[in-house]
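Dear colleague,

I am handing over the structure we spoke about, and I would be glad if you could look through it alongside the notes that follow.

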Amino acid sequence: MHRRRAPMSGLPPLNSGRSVFVRALATAIAIVAIVFALTAGFGNPSLVPSVVFEGKIIEIIIDYIPPTAELVFASFVLASLAGFVLTRSSARGLTVVVSGVVTALLSIPVFVLAIVLQIVLSLQFGFGLPSGGTCSNPCTVGGQLPYLILPATTLALYQLPAVVAFFARHQAGVGGSRATAASTLRDLAVLFAERLPDVFSASIILEAIYAWSGDGRLLFEMHVAYDADKGAFVAYLLLNALVLLLIRALAELILTRDRSGAEASE
Amino acid sequence: MSRRRVAAVIIVALVAVFIMLAFALNRFDPNSIDRNWTGEPLPPCFVNASQCYGHLLGTDNLGRDLLARSLYGSANSLGLALVALAFAVVAGLGVAMISRVPSRVGGFVVERFVAAIECFPPFAFIFIMIIVGRPDRLFTLPGIAIAGLAGLLFCPRIVRAVMSVPTARGALAVVADQAAQALTAIILLVATVDFIGWGVEPPYPSWGNMLSDAQENLSIAWWAMVFPAIWLSGALLVIEAVRRLLVGGSRSTDDHGSLV
């Protein structure tokens with residue numbers, strides 16, 4: 001017999017994919033309106049040529065997105081694995097230790113964490129990890145991996161408290177019923193989609209510290225010549241907010257489909 | 001009064017005593033350079049009593065007392081965060097009031113406004129707004145600008161809190177809880193903005209700019225990074241502990257509403 005899981009708290013009724021589309025479209029219009037209201041008079045950002053990078057800014061920003069996506073995805077995977085292990089450990093009598101780790105991580109700024117890990121794991125004790133940068137061309141997966149470890153670990157630690165709390169709730173059962181592996185993965189994806197703006201925000205400062213050549217580093221490079229590239233900043237903010245909105249809309253569509261399926265099988 | 005509330009009051013009282021004691025022990029100006037400084041940071045007294053020249057926690061890379069800078073830096077950082085929180089609460093309550101107007105269009109517009117703000121990466125939003133507005137017209141006071149922008153970013157939490165409960169009495173508790181959670185997030189955000197040099201203007205200290213200065217001399221003066229970091233993390237832990245004692249439970253991390 002199919003048991004329907006209770007919805008997570010605070011979730012409004014979602015009727016169809018179309019309602020998500022309409023809401024996402026209206027939110028996108030609101031994003032554009034907010035950015036233009038706050039940056040009024042600073043030029044049209046659409047495809048404005050960048051003085052610094054000698055190209056169309058939208059294309060440049062898109063070029064820088066893959067390394068950031070790689071970093072964020074790797075951190076999601078690491079955070080999920082660590083969160084799962086920690087929650088299991090918590091269930092086996094290590095509650096105090098896990099709670100201490102989570103509370104400590106909540107109170108440490110991500111840039112301090114980055115500096116400490118950089119010193120401990122790279123500069124001071126020489127674990128063979130590069131302190132920053134990305135591998136130069138031609139770059140293989142194996143060549144890129146050492147450069148990815150430190151920034152991805154830092155970003156994963158930043159997300160760990162939320163992931164541990166998530167697994168703890170799922171382990172206890174949401175709404176009185178046990179979660180299946182598929183539903184846990186789905187809810188985990190939704191959690192990450194929800195937290196993406198925060199994670200992306202943290203990745204910007206980490207990319208600056210670890211010299212990871214992604215979207216965050218681009219922001220700092222643009223800053224060097226900000227007088228020339230004001231339109232580029234507006235474009236950067238708009239594009240990033242819209243990409244994050246798109247990912248959140250996709251996550252909500254998954255949620256809607258799953259909910260509709262559960263209701264149909266009732 | 002319940003035991004949890006008593007414990008919260010005791011924690012706040014202990015913190016107040018600790019801060020008063022620290023101010024009483026402090027004999028230095030946060031911006032003045034020690035005359036014994038020879039170009040290298042002076043160590044804390046417990047590391048080298050003969051070389052500390054009365055600086056309990058040592059000095060930073062410019063010979064300025066770390067205890068004094070940590071104390072005044074705490075005041076600056078917390079002050080900025082509290083101003084940002086005030087902006088967030090006032091804006092959040094205002095927006096929530098608008099959403100209560102019996103108009104479907106008004107409610108929809110407010111919802112989209114809130115959802116749109118939640119899509120901005122907080123750090124990038126503040127960074128870009130300050131860069132774009134800084135040169136001449138919008139922001140002549142970076143501190144106030146940062147507080148206002150951080151307030152705008154965190155007002156959706158207050159809006160959602162108010163809208164999630166039907167009664168004013170219930171709303172007060174939820175808003176207080178969300179405000180405490182937002183305060184820790186705002187402190188971290190403000191520290192990050194300070195860290196890259198956009199917040200409290202040097203030579204005035206703040207947690208973020210002290211940590212940024214310390215980064216350059218970390219191999220020879222670990223204390224310049226460790227003590228400001230302890231102050232910052234300690235403040236966050238105290239706020240979180242008091243919040244948990246007064247409200248109970250842990251952070252709600254997956255109680256998401258509509259994502260878009």
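Which side chain meets that of A:Arg23 in a salt bridge? In this predicted model, the partner is A:Glu252, with an N to O distance of 2.9 Å. Because A:Arg23 lies in helix 1 of chain A and A:Glu252 in helix 7 (residues 230-265) of that chain, the pair ties together parts that are 229 residues apart in sequence. A:Arg23 is buried, with a relative accessible area of 12%, and A:Glu252 is buried as well, at 1%.

Over all chains the count comes to 11 salt bridges, and in chain B some of them form a network that links B:Asp60, B:Arg64, B:Arg69 and B:Asp213. Within it, the closest N and O atoms of B:Asp60 and B:Arg64 are 3.0 Å apart, and these residues count as buried, B:Asp60 at 6% relative accessibility and B:Arg64 at 7%. B:Arg64 also meets B:Asp213, at 3.9 Å from N to O; since B:Asp213 lies in helix 7 (residues 207-216) of chain B and B:Arg64 in the loop between helix 1 (3-25) and helix 2 (66-100), this pair ties together parts that are 149 residues apart in sequence. B:Asp213 counts as partly exposed, at 25% relative accessibility.

Definitions and conventions. Residues are numbered from 1 along each chain as its sequence is written. Chains are lettered from A and ligands numbered from 1 in the order in which they are written. This is a predicted model: local features need pLDDT of at least 70, side-chain atom pairs count only at pLDDT 80 or more; totals for chains, interfaces and linings use all residues. Side-chain values use heavy atoms; hydrogens and water are left out. A salt bridge is a side-chain nitrogen of Lys or Arg within 4 Å of a carboxyl oxygen of Asp or Glu. Helices (H or I, at least four residues) and strands (E, at least two) are DSSP runs, numbered from the N terminus. Buried means under 20% relative accessible area, exposed over 50%, partly exposed in between (1.4 Å probe, protein chains only).
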